[in-house]
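Trainee: Please take a close look at one strand and its neighbours. I would like one connected account.

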There are 2 protein chains.
Amino acid sequence: MARRSAVDSGLLFAGDRIATSRAISLVENELDGSEEFLRTIYPKTGRAYRIGITGPPGAGKSTLTNKLAQYYRRQNLGIGIIAVDPTSPFTGGALLGDRVRMTDVELDEDVFIRSMASRGSLGGLSKKAMEAADVLDASGKDIIIMETVGVGQSELDIAGAADTTVVVLVPESGDSIQAMKAGLMEIADFFVLNKADRAGAEQAVMSIKMILHFKPASAWNSDVLKCVASEGKGIEEIAAKIGEHRAYLEQSSELQRKRRLRTESRIRELVADKLRTDFWSEERQRILSSRMDDVVSFVTTPYDLAHELINNFRNQ
Amino acid sequence: MARRSAVDSGLLFAGDRIATSRAISLVENELDGSEEFLRTIYPKTGRAYRIGITGPPGAGKSTLTNKLAQYYRRQNLGIGIIAVDPTSPFTGGALLGDRVRMTDVELDEDVFIRSMASRGSLGGLSKKAMEAADVLDASGKDIIIMETVGVGQSELDIAGAADTTVVVLVPESGDSIQAMKAGLMEIADFFVLNKADRAGAEQAVMSIKMILHFKPASAWNSDVLKCVASEGKGIEEIAAKIGEHRAYLEQSSELQRKRRLRTESRIRELVADKLRTDFWSEERQRILSSRMDDVVSFVTTPYDLAHELINNFRNQ
């Protein structure tokens, strides 16, 4: 019998901070009962609006997140923030290491902030971030901001997890054409040029706009907004743009479609996880170990042994 | 019936360049017949010695690779180079975009160079790089150098794929203690400080050495070598160190153990791939689609549907 989850879902639904914090730890660390817990809270999800903020290191994502959170707080909305923070062996700690501490909002009872870092699998990290978003959603937050630094896969995953994805660039991000090439144009619902008081800002905006012209026509038009997040300039316009995008998604039933796709890929991940766990039973671990001599001595091949193991699994 | 592979394994075993190139394309693009081909060549693998070179962007990995390849060519050894090149949406193209073109060696018949880039799954990329290494191995190359830039998971994967892993740093890499924290000390068989003619080199070497003292005692002692790869300085010493490590691995039967573990994790990946392919049959795709309405309307949960699908798979 699995140890029961130590988190009271009733307290979570009531918005209790400690229960929320414990619930996120439960799913982040994949403790016993975490799946059962996620199943329990699932019917309470789907109410919060999820915003993804991504961009290169140093673009000021956490400052922008901070200011947006303050803005929403003034509207009396409950905010959850998840900062997804893939680590690199070369930067050691977090790529968001330059993270601005969110002192302006972090003492506010109605803002819940959680950083999630992980060495290794980014795929696993984004799954956990989505689960943490579900927890915040079930706790009654109105807005969930998911912030991630752009390295490889993670920003694409975050785009899948968000209703509106904002890509933050700075004048120094330089070759925006390069940035566009690699899928950013597809994931950005709109762009924000932060630090727009610096040299080169106008030029950066122009070149992003130029590239957006090549985007296939759609009912939603991506755009570029300017801001100076550290001074709070342009925040209101960004929030308005998010609201505009939300209204577009809701009216076009695009929101429903997006969320359905998200849930579908979640189910595929759950299946893959469960298959892996079920597959590597003690019996098949033993078969693998005992047949390894044959593989390394070329009596059989990795490919044949893999098939043998699969047949064992499916014929049980 | 699967279309037969267009690559003649006999030509590959004879070291034919075009056959080698086609064979790598076959596995890189996962064309029909690629698994069958890998099965065929498997008994011809295991002869080449595999060297992994990793480090942060700008550390001079490709220059070092180039010079090492030249060195080995002078020993009349056949060389294969695989440059694993994860792309980032923010840098657009390749992170190895600053790659030094390997003009010194690339026209040499006995050096085979292949760059592998991929947007998206790094896991998939490292699998393909290992398969490409198998192709080069079967083609009769003596030394295979696998070069990757350090972002997230890829350098750890490359360490799993190599017999000897060299981590390249430069004085500017800065906080080496940070770098050490995140698993580099574990993967590096030794360190190379490139651009050692620059300011701060001695200090960088000292701090890496200091940290290596904290490494648990082992029969193999990691070390730090200095080089100026662009001028060819220190290359011979690096090659000697690689040779020393190889001798250590062979004499301690550590090489056998390492390669066995590598093959084992390869089999686990093959199993995971095959499970995924077998699982998502048309029938189960249909079940998923038809039950999605129930999930989004909270009649069931993603967790229950995943279990339902798994049961369907296992009870067939």
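Mentor: Two strands pair if DSSP finds at least two bridges between them. Strands (E, at least two residues) and helices (H or I, at least four) are DSSP runs, numbered from the N terminus. This is a predicted model: local features need pLDDT of at least 70, side-chain atom pairs count only at pLDDT 80 or more, and totals for chains, interfaces and linings use all residues. Residues are numbered from 1 along each chain as its sequence is written, while chains are lettered from A and ligands numbered from 1 in the order in which they are written.

Chain A has seven strands and 13 helices. Take strand 6 of chain A, residues 190-193. On one side, strand 5 (residues 164-169) of chain A pairs with strand 6 of chain A in the parallel sense, over four bridges. There, Phe190(A) in strand 6 of chain A has Val166(A) opposite. Strand 7 (residues 224-226) of chain A also pairs with strand 6 of chain A in the parallel sense, over three bridges. Lys226(A) in strand 7 of chain A stands opposite Leu193(A). Between strands 6 and 7 of chain A, the chain passes through helix 9 (residues 201-212) of chain A. This β-α-β crossover is right-handed: with the strands pointing away from the viewer, the path from the first strand over the helix to the second runs clockwise.

Now the side chains. Phe190(A) and Val192(A) point one way from strand 6 of chain A, Phe191(A) and Leu193(A) the other way. All four are buried, that is, 20 or more other C-beta atoms, placed from the backbone, lie within 10 Å of the residue's own. Buried residues make up 44% of the 316 residues in chain A.

Conventions:
Buried ≥ 20, exposed ≤ 12 C-beta atoms within 10 Å, placed from the backbone.
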